[in-house]
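Q: I would like to learn how to read charged pairs and a metal site in a model. Where do we begin?

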Amino acid sequence: MRRIDHIIYHCSATRADCDYPVEALHRDHLSRGFKGIGYHFYITRNGQVHATRPLGMDGAHCQGHNRHSIGICYEGGLNSEGQPADTRTAAQREAMHRLTAQLLRRFHNVRLCGHRDLSPDRNGNGEVEPHEWLKQCPCFDVAKEL
Ligand SMILES: [Zn+2]
């Protein structure tokens, strides 16, 4: 097994009122040249957790952090205007919490963070602040919630 020191949360950056099923994600990641879906888990709006990449395999979801992390993505992240928003359904939220608890029983000393939290700390004050985020993904505060 790889050493795991981060669990990184993402959104699919698709509109919450449009379906983005696991098959579409798979197709899109193949066309970006990935060996299948880049995340290890994908949580669709109905709360179903899809295991999309073996945990022993490096991810393809966060540059510079793929070797030692697990990537989890939820379907959505944009509202009906196409603006970044926490669009998780109650079922998705619950599934995310359950999955996180399972992973934390297996992997220890792991930092939970959002994709945006790994943006570069450009002013070097030791904190990645909202104005430094390269993108909004996953559109919720992982440290506060999980
Ligand atoms: Zn992301």
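A: Begin with exposure. A residue is buried when its relative accessible area is under 20%, exposed when it is over 50%, and partly exposed in between. Keep in mind that this model is predicted.

Q: Is Asp5 buried, exposed or partly exposed?
A: Asp5 has a relative accessible area of 21%, so it counts as partly exposed.

Q: Which side chain does Asp5 meet in a salt bridge?
A: The general idea comes before the case. Side chains of opposite charge can pair when their charged atoms come close. Here, Asp5 pairs with Arg3, at 2.7 Å from N to O. Arg3 is exposed, at 52% relative accessibility.

Q: What cut-off decides whether a pair counts as a salt bridge?
A: A side-chain nitrogen of Lys or Arg must lie within 4 Å of a carboxyl oxygen of Asp or Glu.

Q: How many salt bridges does this rule give?
A: The count is 11.

Q: How far apart are the closest N and O atoms of Arg93 and Asp86?
A: They are 3.5 Å apart, and the two residues form a salt bridge. Arg93 is partly exposed, with 32% relative accessibility. Asp86 is partly exposed too, at 31%.

Q: Which residue forms a salt bridge with Lys144?
A: The partner is Asp141, and the closest N and O atoms are 4.0 Å apart. Lys144 is exposed, with a relative accessible area of 74%. Asp141 is partly exposed, at 34%.

Q: Which residues do salt bridges with shared partners join into one network?
A: Asp86, Arg88, Arg93 and Glu145 are joined in this way. Two of these residues, Arg93 and Asp86, form the 3.5 Å pair described above.

Q: Now the metal. Which residues are the protein donors of the zinc ion?
A: Start from the atoms, then go to the sequence. The donors are ND1 of His10, ND1 of His115 and SG of Cys137. They lie 2.0 to 2.3 Å from the zinc ion.

Q: How are the donor residues spaced in sequence?
A: The pattern is H-x104-H-x21-C.

Q: Where do His10 and His115 sit in the chain?
A: His10 belongs to strand S1, residues 6–11. His115 is in the loop between strand S7 (111–114) and helix H3 (142–145). The pair is 105 residues apart and links distant parts of the chain.

Q: Are His10 and His115 buried or exposed?
A: His10 is buried, with a relative accessible area of 1%. His115 is also buried, at 14%.

Conventions:
Residues are numbered from 1 along each chain as its sequence is written. This is a predicted model: local features need pLDDT of at least 70, side-chain atom pairs count only at pLDDT 80 or more; totals for chains, interfaces and linings use all residues. Side-chain values use heavy atoms; hydrogens and water are left out. Buried means under 20% relative accessible area, exposed over 50%, partly exposed in between (1.4 Å probe, protein chains only). Donors are N, O and S atoms within 2.8 Å of the metal (3.2 Å for Na, K and Ca); water is not among the atoms, so sites may look incomplete. Helices (H or I, at least four residues) and strands (E, at least two) are DSSP runs, numbered from the N terminus.
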